[in-house]
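The points are grouped by topic.

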Amino acid sequence: MKKIVALSLSIVAASAAYSEIKIIEPAAGVAVPLLTDAQKAYVSLDRQARREKFADATYRRKEMGLPAETVPGAKKPREAYWPKTVRLAWEAKDGVEYRVAVRDMAKGTVVIDERVKSGELFIDNLEIAASYEWTVEGDGDSGKGTFKTEDRTPRLIRYPGVPNVRDFGGYIGLGGRRAKQGMIIRSAGLNNNAHDTYYTIDELKEMGKLDEVKAAADAAQKRLDQLLAWQADPKTFDREDPEYKEWCTRHIGEPATKFLSSRVHRAKSVVKKGGDPKVKKGKEPGKSRVDGENGAYIRARFGIKSDIDLRSDGECHGMTGSPLGDGVTWFHYSSSAYGGMQGQSGKAAFTKVFKVFLDEKNYPIDFHCIAGQDRTGAVSLILGALLGYDEDALYLDWEVTGFWNRNAKFNHKELFDKLVGGFVKNYPADTIQESVVKYVRDLGFTDDDIAKFRSIMLTER
């Protein structure tokens, strides 16, 4: 009898030691948002209201996508163009390290596997309208939770080191079929553009180019004197000054005194160095944005196989492959944007680009220019129209760049209207989608080609 009692007590003790972890958040079945309230505020507007807000320089600069999310414990707010995080929380023991795994229930793949020494984990880069199961394990205990994500486009993406990234998929296309997520991602450049290099003052001296040294010093002093004079008497300030006009596109509504203060400080530094000579030395390839941990995360999380680079030869000077590494095929096709898509070079570039999208072995694909807005936006409109995205979605897909680029010159009237207008004018039809189909046929593609792209990208009914 005593043995039986002892055995029973040991079982109870074991049960107490290894128990189920209580899940706090998200509640089972809850649809969690992947857009911040600020992001939702813009994308929830109707198209005309969005257009008006987009053109309002004051609104766009201060409010579009802002305030960005602030995650507890983070040193600074997240970027305004990043997706909102999902908080996973559980009752934790002090000093215990927990392993958290998140699985996409439809695909059966584990998308997140991390370790933390706390009772919460903030995750991102989840798909919209998806169901997830997650487990937490630590100190022999375990817990399980499930949640869904909101069905709200766009699906924003965080690429470490790369701005303005989002999933091309997620929108509803022909026949109510959703475009697959994780297949095509549009982003800014995966590395910086190549740039010119210039000789320093010391290098010019060593080369005996003293005239160039003197010219640089004189030009620097002249600019400083000019700025100081304007600062002393603001009435004399030349508002047509090229540097000031360029500054205004990035500092909308800021007083000229702020420009003068910053430029005087900079000019004094240049004078102290002896000037800023513009004697060209050569050209260097752009620095990678995805080296080290950044690239490792992108490759592991998104499995990119192809990198379509729409930049010019000059921007890609010195490149021989994708910044993501040898395992990613680099397709470099210098493209046009907006009205330029109707020109010979624009058509030739898209012909090459679309052939990449017609080969299933190339997926998942990342395509980009340098900012991910103009050339990238033009290609995205064509692809979206082919899949049957409604007109509102085609506009929204372009506008989302406004969460990142608040330059007043980035607007519908000067840019996107010319892209849409080019198709409407040259390929008249009842809808923009039909105009784009005519355009693609005119490039030599067949209805079978278009159908193949749709079969690759659209989910089954």
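**Helix packing**

H14 crosses H15 with right-handed geometry. The contact is formed by Val437, Val440 and Arg441 on the H14 side and by Asp447, Ile450 and Arg454 on the H15 side. The model is predicted. Further points on helices, sheets and individual residues follow.

*Helices H14 and H15*

- Helix H14 covers residues 432-442 and helix H15 covers residues 447-457; their axes come within 10 Å and cross at roughly 120 degrees.
- Angles over 145 degrees count as roughly antiparallel and those from 65 to 115 as roughly perpendicular, and H14 and H15 are therefore oblique to each other.

*Helices H6 and H8*

- The axes of helix H6 (residues 210-232) and helix H8 (residues 256-273) come within 9 Å, with a crossing angle of roughly 155 degrees.
- That angle makes H6 roughly antiparallel to H8.
- H6 and H8 cross in a left-handed sense.
- From H6, the residues in this contact are Ala220, Gln221, Arg223, Leu224, Leu227, Leu228, Trp230 and Gln231.
- From H8, the residues in this contact are Phe259, Leu260, Ser261, Arg263, Val264, Ala267, Lys268, Val270 and Val271.
- Arg263 belongs to helix H8 and is buried, its relative accessible area being 8%.
- Between the C-alpha atoms of Arg263 and Asp430 there are 53 Å in space, and the two residues are 167 apart in sequence.

*Layout*

- An open sheet of five strands has the order S2-S8-S7-S4-S5, with mixed pairing.
- The edge positions are taken by strand S2 (31-32) and strand S5 (109-116); each has a single partner strand, so one side of each has no neighbour in the sheet.
- Strand S4 (residues 98-104) and strand S7 (residues 131-138) run antiparallel and are joined by six bridges.
- Arg103 is placed opposite Glu133 in S7.

*Tyr132*

- Tyr132 is a residue of strand S7, and at 1% relative accessibility it counts as buried.
- Its side chain reaches the backbone nitrogen of Glu127 at 2.8 Å.
- The C-alpha atoms of Tyr132 and Val102 are 6.6 Å apart, with 30 residues separating the two along the chain.
- Not counting residues up to four places away in sequence, Tyr132 touches Val102, Arg103, Asp104, Met105, Val111, Leu126, Glu127, Gly145, Thr146, Phe147 and Thr149.

*Thr149*

- Thr149 sits in strand S8, which spans residues 141-149.
- With a relative accessibility of 4%, Thr149 counts as buried.
- A polar atom of the Thr149 side chain lies 3.1 Å from the backbone nitrogen of Ala129.
- Neighbours within four places in sequence aside, Thr149 is in contact with Ala31, Val32, Leu34, Leu126, Glu127, Ile128, Ala129, Ala130 and Tyr132.

**Three-stranded sheet**

- Three strands in the order S1-S3-S6 make an open sheet with antiparallel pairing.
- Strand S1 (23-25) and S6 are at the edges; each has a single partner strand, so one side of each is left without a neighbour in the sheet.
- From one strand to the next, the twist averages 20 degrees.
- Strand S3 (residues 86-90) runs antiparallel to S6, and four bridges join the two.
- Ala89 has Glu120 as its bridge partner in S6.
- Strand S6 spans residues 120-123; its covered face holds Leu121 and Ile123, while its uncovered face holds Glu120 and Phe122.

**A buried loop residue**

- Asn405 lies in the loop between helix H12 (391-399) and helix H13 (412-426).
- The relative accessible area of Asn405 is 14%; because buried means under 20%, Asn405 is classed as buried.
- The side chain of Asn405 reaches the backbone nitrogen of Asn407 at 2.9 Å.
- Residues up to four places away in sequence not counted, Asn405 touches Arg60, Gln373 and Phe410.

Note on methods:
Residues numbered from 1 in each chain as written. Predicted model: local features only at pLDDT ≥ 70, side-chain atom pairs only at ≥ 80, totals over all residues. Heavy atoms only, no water. Buried < 20%, exposed > 50% of the residue type's maximum accessible area, 1.4 Å probe, protein only. Polar contact = N/O pair within 3.5 Å; in protein donor to acceptor, adjacent residues only side chain to side chain. Contact = heavy atoms within 4.5 Å. Pairing = 2+ DSSP bridges. Axes fitted to C-alpha atoms, helices over the stretch in contact; angles between N-to-C directions. Parallel < 35°, antiparallel > 145°, perpendicular 65-115°, else oblique. Left-handed = near helix turned anticlockwise from the far one by under 90°.
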